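Work through the exercises below with the model in view, and try each task before reading its solution.

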Amino acid sequence: MAATASSSSPPLAHHQPDNTAFTQQRLPAWQPLLSAGTVLPLFFCLGVAFVALGLGLHFSSATIQELELDYTGLGNSSCARCANLSQRPIGDRPSCTCELRFTLSQAFPAPVCLYYQLSNYYQNNRRYSVSRDDQQLSGDAWALRNPVEECQPYQKDAKGTPIAPCGSVANSLFNDTFDLFYVLNNGTKVQVPLDKRGISWWTDSNIKFRNPEPVNGSLALAFKGTVKPPNWPYPAYDLGKGNPNNTGFVNEDFIVWMRIAALPTFRKLYSRVRLGNFSTELPQGNYSLNITYNYPVLSFHGSKKVIFSTLSWMGGKNPFLGITFLVFGSACILSGFVMLVVHIKYQHLSEADE
């Protein structure tokens, strides 16, 4: 009988949490009591702050000067012949250059950024965006010759030789080039130097992207046993040839392209105008832009533009950011007034309840 009573008694509580203030939820806590006296000032203060910041961003964006030049090559434009030639197969595609003439009605203060813009181009497509090997791009010798499966169909060539860099993102590298000239009154052209240093993110060029260790001082030997991507005219170790700090995987044009864009219409930084006689401004007057047209866009109904833009304390032109702050600030102020009216109208009811 005693054994039966013992077996029916509750088990020892060895699975219960410790008897501490934290595990038993006895720590002191603070819970705000929301009232009209606290909520209304908060909404009005946030609204005023958002509106002030929005106005600052909006007017700052409005002061930025921009010039867009479309060089897709549609119709009878100067780049139409090059656009048609770019549709040929890569091996049968001749080099083609075209010229865009334009006029600046007022000077652009330095630094002036030169962007290229592509439209109807979905870099954010999942299969496209993962088609790369970050370990290979970090300079790992084993990954250089053993690219990941995600790089298919640009993992290896028909002979089974690994591609470096592998993947769709690298294979589709933007390869148009631009040369800018200032046209004097007598027709003489003065070349405007384009500074391509520092156009990529610091974390990309100094941390994420690395070249493999040179063999006997040669980067070409480090890439031995690999082949270039099919769409490239030359291997990775010839990118930016002549500048050992801007070749291979650390080439800044390549790094800029490898940072995936989120929207189908995007722009990427090509260079800056801030050197020589143009270190203070890009003066008003006539200009000529020589374009080496290599990148095909007509096949996917895309377009290409060159954009010249000045900068402000907030960066490049971005009217959306200022408008967003203005909308949210106005919504906060409007909500504050609505709650204020409701509070005044029904205040006597709460006092009667008390």
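**Exercise 1.** Determine how far apart the end C-alpha atoms of residues 33-57 lie, and what share of the span is helix.

*Solution.* The end C-alpha atoms of residues 33-57 are 35 Å apart, and the span is 88% helix and 0% strand, where helices (H or I, at least four residues) and strands (E, at least two) are DSSP runs, numbered from the N terminus. For residues 320-344 the corresponding distance is 36 Å, with 100% helix and 0% strand. Both spans carry the feature "transmembrane region" in an unreviewed UniProt entry; UniProt positions are given in the numbering used here, feature names are shortened, and annotations may be inferred rather than shown by experiment.

This is a predicted model, in which local features need pLDDT of at least 70 and side-chain atom pairs count only at pLDDT 80 or more, while totals for chains, interfaces and linings use all residues. Residues are numbered from 1 along each chain as its sequence is written, and side-chain values use heavy atoms, with hydrogens and water left out.

**Exercise 2.** Find how many disulfides the whole structure holds, and work out their pairing in sequence order.

*Solution.* Step one is the search, which, taking a disulfide as a pair of cysteine sulfur atoms within 2.5 Å, finds three in the whole structure.

Step two takes Cys79 and Cys98, whose sulfur atoms are 2.0 Å apart. This pair links distant parts of the chain, with Cys79 in the loop between strand S1 (66-70) and helix H3 (80-85) and Cys98 in strand S2 (residues 97-104), 19 residues apart. The link is right-handed, with 80° about the S-S bond.

Step three takes Cys82 and Cys96, with sulfur atoms 1.9 Å apart and a left-handed link of -70° about the S-S bond. Here Cys82 sits in helix H3 and Cys96 in the loop between H3 and S2, 14 residues apart.

Step four takes Cys151 and Cys166, their sulfur atoms 2.0 Å apart.
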